[in-house]
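Please look at the model below before reading on. The briefing that follows is grouped by topic.

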Amino acid sequence: MNRAVFRQLSLSSPLLRLRAFRAPLYSTGRASGAHEPTAANASNTPASEPSTCTPKDDVKDSDKYKELHHSYLMVLADMENLRVRTRREVEAASNHSITRFAKDLLPVLDVLELALNNSKTSGSVSENEFAKALSDLREGVDLTRNELISVFRRHGIEAIEAEAGDSFDPNHHMAIFQAPKTEASVANRIVAVQKKGYRIKDRILRHTHVGVST
């Protein structure tokens, strides 16, 4: 068959004409799709939002600041009032404690004055009168000491007992001097008590002054 005739018959076929017609559309669609935005790209594009700030919002912020500032000043005032009230209560408690202790000491002073008045003598006295005055003075001093110890006990003040031969305890004793070492002496022992120590509850008022063997 002649080549020209075959080409003419092929172009006249409906199937070939359909393929020839659709091919440009298919290729054109792929080319145009490369330039069109996809759904994913459209979703990633940020949308501009209109501003919602209004003068009314500024007024609300200003009112909120004033309210917070007022609350802050109120808290400061309450803290200052609490500090002043606490200081007054502490001072009142301290004054009450001192007043009670001083009131308990008044009988001690009364006994001491009574002992001094009874020990007074006028002019020349006999030996018996002098001995009686001295005995009255001693008795008055002893009563005063007992009364003072009673006051101390009522306020929780106790003596720290220590005797010669006891072990030296730095928590309760203070070494004033060291005794010379002898063959019979034991190291770190109390050899003499110079001043008695006192404590109130668990607090040391004064350590017992002692001499210690070396």
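Helix H5 (127–154) and strand E1 (157–160) each supply at least two residues of the lining of the largest pocket. Helices (H or I, at least four residues) and strands (E, at least two) are DSSP runs, numbered from the N terminus. This is a predicted model, in which local features need pLDDT of at least 70, side-chain atom pairs count only at pLDDT 80 or more, and totals for chains, interfaces and linings use all residues. Residues are numbered from 1 along each chain as its sequence is written, and side-chain values use heavy atoms, with hydrogens and water left out.

**The chain as a whole**

- The protein chain holds five helices and six strands.
- Read from the N terminus on, its elements run α-α-α-α-α-β-β-β-β-β-β.
- Of the 214 residues in the protein chain, 12% are buried; buried means under 20% relative accessible area, exposed over 50%, and partly exposed in between (1.4 Å probe, protein chains only).

**The largest pocket**

- Rolling a probe the size of a water molecule over the atoms shows where empty space is left.
- The search uses a 1 Å grid over the protein atoms alone: a cavity is a set of points where a 1.4 Å probe fits but cannot get out, whereas a pocket is an open set with protein on both sides within 12 Å along at least five of seven lines.
- Lining residues have an atom within 4 Å of a point.
- The largest pocket contains about 230 Å³ of space; grid points are joined across faces, edges and corners, and a volume is the space filled by probe spheres set on the points.
- H5 gives the largest share of the lining of the largest pocket, five residues.
- Among the residues that line the largest pocket are Arg145, Phe152, Glu158, Lys196 and Tyr198.
- By class, this lining has six nonpolar, no polar and five charged residues (Ala, Val, Leu, Ile, Met, Phe, Trp, Tyr, Cys and Pro count as nonpolar, Asp, Glu, Lys and Arg as charged, and the others, Gly among them, as polar).
- Domain 2 (98–155) and domain 3 (158–213) each contribute at least three residues to the lining of the largest pocket; the domain bounds come from an automatic or database domain assignment.
- Arg145 lies in helix H5 and counts as partly exposed because its relative accessibility is 46%.

- Two strands pair if DSSP finds at least two bridges between them.
- E1 and strand E4 (residues 197–200) run antiparallel and are joined by four bridges; Glu158 stands opposite Arg199 in E4.
- E4 and strand E5 (residues 203–206) also run antiparallel, joined by three bridges, and Ile200 stands opposite Arg203 in E5.
- E4 and E5 form a hairpin with two residues between them.
- Lys201, in the loop between E4 and E5, has a positive phi of about 60° although it is not a glycine.
- Lys201 counts as exposed because its relative accessibility is 64%.

**The open sheet**

- Three strands form an open sheet in the order E2-E6-E3, with mixed pairing.
- Its edge strands, E2 (173–179) and E3 (190–195), each pair on one side only.
- E2 and strand E6 (residues 208–213) pair in the parallel sense over six bridges, and the bridge partner of Met174 in E6 is His209.
- Asn188 sits in the loop between E2 and E3, and its phi is positive, near 65°.
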